[in-house]
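Here is a short tour of a model for you to follow on screen. Keep the sequence and the 3D view side by side as you read.

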Amino acid sequence: RTVIHWFRRDLRLSDNSALYKALSVGTPVQPIFIFDTQILNKLADRDDARVTFIYEEVKAIHASLKKYHGAVAVYHDDVLHAWRKIITDFNPVAVYYNHDYEPYALERDEKVSAFLRDQQIAVYSFKDQVIFERDELIKADGKPYTVFTPYKNRWLEKLTNEDLKSYKIKEQLKNIHTFNRPFPLLSQLGFTETKQQFPNKKYKDVIVDYHDTRDFPALEEGTSHLSIHLRFGTISIRELMNDAIRLKDKTWLIELIWREFYMMILWHFPHTTDHAFKSAYDRIPWRNNEQEFEAWCKGKTGYPLVDAGMRQLNETGFMHNRVRMVVASFLCKHLLIDWRWGEAYFARKLQDYEQSSNVGNWQWAAGCGNDAAPYFRIFNPELQLKKFDPDLVYVKRWVPEFNDPFRYPMPIVEHKKARERALKVYKNALKN
Ligand code: FAD
């Protein structure tokens, strides 16, 4: 019989808590991965970069396990169907996996664990992708934090070396189940390879002067580009936090805490995936002009920083954080388009798409989230450009025609007028 480790968004063989615990049992451990058709069927693009990324990472794990005469058993199915096959294939006594906090994942895990327990199979799950999860950090009155600064202060206070201890797996890999099965082709999953590149995992040089470089989108190495690795667990959060503390980069450490903050928020307030955290904001009468939305998506608004960001996103699957804030604010405030449209577009395009961070940051930009920017603070895209891309290096990279009136559109809205319109609409909607 075997013990199963179910890989999901923890795609690594080092410092992986559930995998470590599974390997410690002493029964041969069979790793599995399920390409969940419920998720895959919803993807709009057959060359979706996230699918290529996951595929390559699982394949790399599969290749590494050869040394131990093991392999990842891959399934491509509805999750419960896949589990029926897994039980027939491996007759497991127990199943191990790491926690996932998104609403879909919680529902899936609930269903799968109930099914497995019904079959007399034990289920064990562990914290792995964050340092503090769910309600591990709550206010003195027992309620969840909704404001970042006190959450972050408590987070820093509570942290001990024990929280950052890594799970040393290497010696345990001898306990992998002996198994051999060819790895499927990407085309067998119904997908083709993306043309986009993926960032590497080098970050130590970046975080040394992160505080000074993080806001300038022209600097390719101004930020770590680790977000996709954090999304799919190809790097350990404990390792990153350790380095952030060792290299004394508090600014970067705080960014990692933002990530946990939004995961905690989504876990406590799952309705925020499609409702404003501050419910009064659901009354805003969005204009939702489709042509303007399309101009925004394509990077043709006539505002060079907004357009550069959207083109970077469309081409590479990444956008710099400063520019994400500017394009999001522009969509919600200047164009008065529902933040959910923007959130959905980012969800389709971002390699690092993370529901908690995306929803949280979109609501921050729209002013409707917990601890959001006040609605009357409206980014001026021209001033943002002067401040954060003063030599226009980023803009020239993505919008080379920005200075040519024959090739580059006039601004689709005039800043001052759009600002006044947004203030009026927000104020009216929030009056009662
Ligand atoms: P770094 O600056 O090197 O930061 C390190 C890590 O800290 C990031 O990889 C990320 O995990 C975390 N982090 C940094 N900033 C934030 C933040 N504001 N909120 C939460 N976590 C943060 N991030 C995502 O991972 N997925 C998303 O879907 C996503 N959507 C966003 C949508 C909008 C409108 C905005 C304004 C921001 C969004 N972010 C999202 C946050 C942020 O822009 C990215 O995490 C960051 O740009 C990734 O680049 P990096 O890895 O180089 O970040």
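## Ground rules

Helices (H or I, at least four residues) and strands (E, at least two) are DSSP runs, numbered from the N terminus. Residue numbers start from 1 along each chain, following the sequence as written. This is a predicted model, in which local features need pLDDT of at least 70 and side-chain atom pairs count only at pLDDT 80 or more, while totals for chains, interfaces and linings use all residues.

## Confidence

The predictor's confidence in each residue is pLDDT, which runs from 0 to 100. The chain averages 97 on that scale, and 100% of the residues score at least 70. For the complex, the predictor gives an ipTM of 0.99 and a pTM of 0.98.

## The annotated domain

An unreviewed UniProt entry places "domain: Photolyase/cryptochrome alpha/beta" at residues 1–131. UniProt positions follow the numbering used here, feature names are shortened, and annotations may be inferred rather than shown by experiment. Residues 1–131 are 44% helix and 24% strand, with the end C-alpha atoms 33 Å apart.

## Two loop residues to look at

D371 sits in the loop between α16 (355–366) and α17 (381–388). Although D371 is not a glycine, its phi is positive, at about 50°. L336, in the loop between α14 (321–334) and α15 (339–349), is not a glycine either and has a positive phi of about 50°.

Are these residues buried or exposed? A residue is buried if 20 or more other C-beta atoms lie within 10 Å of its own, exposed if 12 or fewer, and partly exposed in between, with C-beta atoms placed from the backbone. L336 is buried because 20 other C-beta atoms lie within 10 Å. D371 has 17 C-beta neighbours inside 10 Å, so D371 counts as partly exposed.
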